[in-house]
Every structure is written in C-alpha cells, then in structure tokens.
Amino acid sequence: MGKHPFQLYSLATPNGQKVSILFEELLEKGHSDAEYDAWPIRIGEGDQFSSGFIDVNPNSKIPALVDRSGPQPVRVFESGAILVHLAEKFGEFLPASGPGRAETLSWLFWQMGSAPFLGGGFGHFFAYAPEKFEYPINRYSMEVKRQFDVLNRRLAENEYIAGSDYTIADIAIWPWYGGVALGRSYPGADEFLAIHQYEHVMRWAKQIDARPAVKRGRIVNRLTGDPSEQLHERHDASDFELRTQDKLQPADEAEAVKDDAI
C-alpha cells in the first residue's frame with residue numbers, strides 16, 4: 001500500500017493499460033486527487049493467486065483497484081467497472097446523462113464482449129499456441145476483421161468512438177485494437193489481418209497514441225520490452241523521468257558495486 005488515495009494492482013496488458021491511461025488522463029486534466037500508486041502483479045509468477053490479491057479481486061485477474069479516497073476502502077475489479085467508477089467519481093470522460101452516456105457505455109461494453117475474440121481467440125492461436133492450427137486461426141481472424149470493420153465504419157463518421165468527445169470508450173478500446181493496428185500486440189498480426197486497410201481505425205489509433213497521458217499510462221507496470229518503456233512501479237509523476245528501467249542501475253551491476261565495497 002502506497003501513500004496515494006488510489007492503489008492499483010495491475011500489469012501493462014491491454015486490460016491493465018486502460019486504468020493507468022485513465023489515471024494519467026485525469027491527472028493531465030488537473031485532478032491532483034487522482035494520484036495513484038501502481039503495483040505490478042506478475043501473473044507469470046502467480047501473484048494473482050495470492051491471498052492479498054484475491055481480497056481485492058476474487059477472480060484473480062488484473063487490474064484491480066482499491067479506492068481509499070473515502071471514509072472506507074472500496075475495492076473495484078474488472079477493467080470496465082474501474083473505468084466507470086473513476087469516470088463518475090471525477091466527472092470526466094463519461095457524460096452524466098443522455099444519449100452521449102448511452103453511446104459511451106454501449107461501446108465500452110462492446111469492447112468487453114468483443115476483445116476476448118481478439119485476445120483469447122485470435123491472439124492465442126496466432127501467437128501463443130504451441131502448434132499452428134488453420135481452423136481456429138481462420139475462424140478468429142474473420143471475426144477480428146469483422147470487428148475492425150465495425151470500428152472503421154464508426155470512426156469514418158466520428159472523431160472518437162462515442163462521438164466528438166474522447167471518452168472511456170476510446171480508453172477501453174484503444175489498448176486492444178490500437179495495439180494491433182500499431183503492430184504492438186502480436187508480431188505480424190497487423191500485416192496478417194491487413195489492418196492498414198482500415199484507414200479510419202489507423203487514424204484514430206495514431207491520434208490516441210500521441211496523447212501525452214496515453215504515452216505515460218501504457219508503460220505503467222510494464223515488465224518486458226524496451227527498457228525505456230518499462231515503469232515497473234508508479235508512485236509519483238516524476239517516476240516516468242527517473243525510474244524507467246533504462247534509467248535504473250541493472251541488478252547485476254548493483255551487485256558488483258556491493259561486492260567491491262565489501
């Protein structure tokens with residue numbers, strides 16, 4: 001537990017990125033009371049099954065949040081629920097009522113229902129399965145291409161997913177579909193799926209990617225890849241400048257210095 005009102009337990013997967021991006025967007029808009037501590041949950045090591053994490057999310061999935069800003073701590077789990085909780089709490093990125101709210105929530109839940117076909121379906125069989133099986137790859141490829149077409153037609157008529165304003169619908173959808181469009185999710189998937197054909201999705205993906213808060217949020221709790229894009233823990237805004245892995249002394253180097261001192 002850190003010092004800030006919000007304690008986030010996560011990893012920089014698409015679902016994890018949603019929440020850290022929203023926190024950074026809130027801070028970007030001047031909500032200083034949205035400061036948060038972000039702790040990495042190393043799912044490869046089984047952290048998600050620890051009793052402490054299960055107390056926050058009984059389903060053992062990241063992300064999970066403890067909101068300590070009120071008189072009693074409140075746990076919130078499932079990424080969509082966390083986005084709605086924070087958006088309503090700060091009055092940002094989710095219209096309070098009317099058609100705009102309905103549209104935003106509809107697209108938010110579109111992502112919650114659609115992304116498993118992209119990740120657990122296409123992503124698994126295309127990138128992670130021990131053997132390449134033609135049927136599931138083809139099955140999920142066609143579904144993912146259909147989803148990209150849905151997004152492309154929507155973005156042909158609107159700057160953002162829910163309309164003219166940037167909302168939690170964009171924040172939820174971008175890490176999944178923007179990640180594929182920008183070639184970050186599954187090596188070779190953007191070419192295999194011919195994502196360049198979805199020109200409006202590409203425009204939107206690059207537009208969101210350029211936002212300063214998104215640049216920060218997408219690297220929070222990242223444990224792999226380019227060291228300059230790995231911020232294992234986040235406890236202060238200065239961590240992005242001072243504590244990414246390229247700026248920290250490597251562990252083996254630190255041990256050598258310790259041995260020399262002895």
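**Sheet, loops and pocket**

User: How do β1 and β3 pair?

Analyst: In this predicted model, strand β1 (residues 6-10) and strand β3 (residues 64-67) pair in the antiparallel sense over four bridges, where pairing requires that DSSP finds at least two bridges between two strands. Strands are DSSP E runs of at least two residues and helices are H or I runs of at least four, both numbered from the N terminus.

User: Which residue in β3 is the bridge partner of F6?

Analyst: F6 is bridged to D67 of β3.

User: And what order do the strands take in the sheet?

Analyst: The sheet is open and has four strands in the order β2-β1-β3-β4, with mixed pairing. Its edges are β2 (36-40) and β4 (74-77), each of which pairs on one side only. From one strand to the next the twist averages 20 degrees, with axes fitted as lines to C-alpha atoms (for helices over the stretch in contact) and angles running from 0 to 180 degrees between N-to-C directions.

User: How are β3 and β4 joined?

Analyst: They run antiparallel and are joined by four bridges, with L65 having V76 in β4 as its bridge partner. The two strands form a hairpin that has six residues between them.

User: Which strands does α1 lie across?

Analyst: α1 lies across β1, β2 and β3, and runs at about 150 degrees to β1; contact here means heavy atoms within 4.5 Å.

User: Switching to the backbone, where is the cis peptide bond?

Analyst: It joins I62 and P63, with omega at about 0 degrees, and P63 is placed in the loop between α2 (51-56) and β3. In another loop, the one between β4 and α3 (79-90), lies E78, which has a positive phi of about 80 degrees although it is not a glycine.

User: How much space lies in the largest pocket?

Analyst: About 1100 Å³. On a 1 Å grid over the protein atoms alone, a pocket is an open set of points where a 1.4 Å probe fits, with protein on both sides within 12 Å along at least five of seven lines, and lining residues have an atom within 4 Å of a point. The volume is the space filled by probe spheres set on the points, which are joined across faces, edges and corners.

User: What lines the largest pocket?

Analyst: There are 38 lining residues, and A12, T13, P14, N15 and W176 lie nearest the centre of the pocket. At least two residues each come from α1 (14-28), α4 (98-128) and α6 (168-181), and α4 gives the largest share, eight residues.

User: Which caveats on numbering and cut-offs apply?

Analyst: Residues are numbered from 1 along each chain as its sequence is written, and side-chain values use heavy atoms, without hydrogens or water. Local features need pLDDT of at least 70 and side-chain atom pairs count only at pLDDT 80 or more, whereas totals for chains, interfaces and linings use all residues.
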